[in-house]
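Hello,

Please take a look at the structure below. My notes on it follow.

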Amino acid sequence: MTKTHLADSSPAAPATPDETAGKPRLGRKRDHTRDTDILEAALDVLAETGYDGMTIDMVATRAKAGKATLYRRWASKSDLVLDAVACMKSKDLDLEALPDTGTLRGDLIAMVRPPNIRDAERKLNVMTGVVSMIARDPEMAAAAHAAIVAPRAAANRVLFERAIERGEIAADVELDTLSMIAPAMAAFRTLILRQSPDRDFFVGIIDNVVLPAAHRGTPAH
């Protein structure tokens, strides 16, 4: 008697990679509602302990989140730190709402307000925390510059451009250099001297370095 092959009743063969390509994977959706809290906690820990001393456990504890939550979102500590530093960029100064007192000195001094000083100090402490990572990771170096130094330099540039338009300073001043003086000196004070840049520090830089440099040459009229 001939054996009959019942192909219809045999189990389905597993799908091949080609057959499953393009199909969405089912699984638990990531909850991004805690991202801001976690990134802020990462910045706080980073500023306090530095990158090498920081752990995922510390950040999870500070954010009151489960460690698994962090690892589902960030595969490594370096990924978390990179995102945390980059998120500071979203809190840049509003270049459309800078002080406008009518004089360059007035504008620069008006920028030296307690909230701005506290923000600058925190950012510089974060920069101190990532120094070891900056030295070996170009992506982190770029992120730190974009989030910590560039925003203040951009705000300064707007104030200098206004002064040029008023005829208060010469039109051919080195805007890039002038804009970077205060941020660069604040970074040096924090990273090298390990001192916080307070109001007296910023006012001294403005009066003794920035304004004398800005007033070199003949003002445009």
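Thr 190 sits in helix α10, which covers residues 175–191. Please keep in mind that this is a predicted model.

**Thr 190**

Is Thr 190 buried or exposed? Its relative accessibility is 7%, under the 20% cut-off, so Thr 190 counts as buried. A polar atom of the Thr 190 side chain lies 3.0 Å from the backbone oxygen of Ala 186. Set aside the neighbours within four places in sequence, and Thr 190 is in contact with Leu 124, Asn 125, Thr 128, Gln 195 and Pro 197.

**α10 against α11**

Now for a helix pair. Two packed helices are described by the angle between their axes and the distance between the axes. At what angle do α10 and α11 cross? The angle is roughly 145 degrees, and the axes come within 10 Å. Helix α11 covers residues 199–214. The crossing of α10 and α11 is right-handed.

Which residues meet there? From α10 come Leu 178, Ile 181, Ala 182, Met 185, Ala 186 and Arg 189. From α11 come Phe 201, Phe 202, Ile 205, Val 209, Val 210, Ala 213 and Ala 214. By class, this contact has 12 nonpolar residues, one charged residue and no polar ones.

**Lys 123**

Lys 123 belongs to helix α7, residues 114–129. Lys 123 counts as buried because its relative accessibility is 7%, under the 20% cut-off. A polar atom of the Lys 123 side chain lies 3.2 Å from the backbone oxygen of Ala 147.

**The nonpolar core**

In soluble globular proteins, nonpolar side chains tend to be buried together. Here, the largest nonpolar core has 64 residues. Those with the most contacts inside this core are Val 59, Leu 70, Leu 80, Val 81, Val 85, Leu 104 and Phe 160. Which helices each supply at least two residues of this core? They are α2 (35–53), α3 (56–63), α5 (77–87), α6 (104–110), α7, α9 (138–165), α10 and α11. The largest share comes from α9, with 12 residues.

Leaving aside neighbours within four places in sequence, Phe 160 is in contact with Leu 104, Leu 108, Ile 169, Leu 175, Leu 178, Ser 179, Val 210 and Ala 214. Among these contacts, Leu 178 in α10 and Val 210 and Ala 214 in α11 also take part in the meeting of those two helices.

Best wishes

Note on methods
Residues are numbered from 1 along each chain as its sequence is written. This is a predicted model: local features need pLDDT of at least 70, side-chain atom pairs count only at pLDDT 80 or more; totals for chains, interfaces and linings use all residues. Side-chain values use heavy atoms; hydrogens and water are left out. Helices (H or I, at least four residues) and strands (E, at least two) are DSSP runs, numbered from the N terminus. Buried means under 20% relative accessible area, exposed over 50%, partly exposed in between (1.4 Å probe, protein chains only). A polar contact is a pair of N or O atoms within 3.5 Å; within protein, one must be able to donate a hydrogen and the other to accept it, and residues adjacent in sequence count only if both atoms are side-chain atoms. Contact means heavy atoms within 4.5 Å. Axes are lines fitted to C-alpha atoms, for helices over the stretch in contact, and angles run from 0 to 180 degrees between N-to-C directions. A crossing is left-handed if the near helix is turned anticlockwise from the far one by less than a right angle, and right-handed if clockwise. Ala, Val, Leu, Ile, Met, Phe, Trp, Tyr, Cys and Pro count as nonpolar, Asp, Glu, Lys and Arg as charged, and the others, Gly among them, as polar. A nonpolar core is a set of buried Ala, Val, Leu, Ile, Met, Phe, Trp, Tyr and Cys residues joined through side-chain atoms within 4.5 Å.
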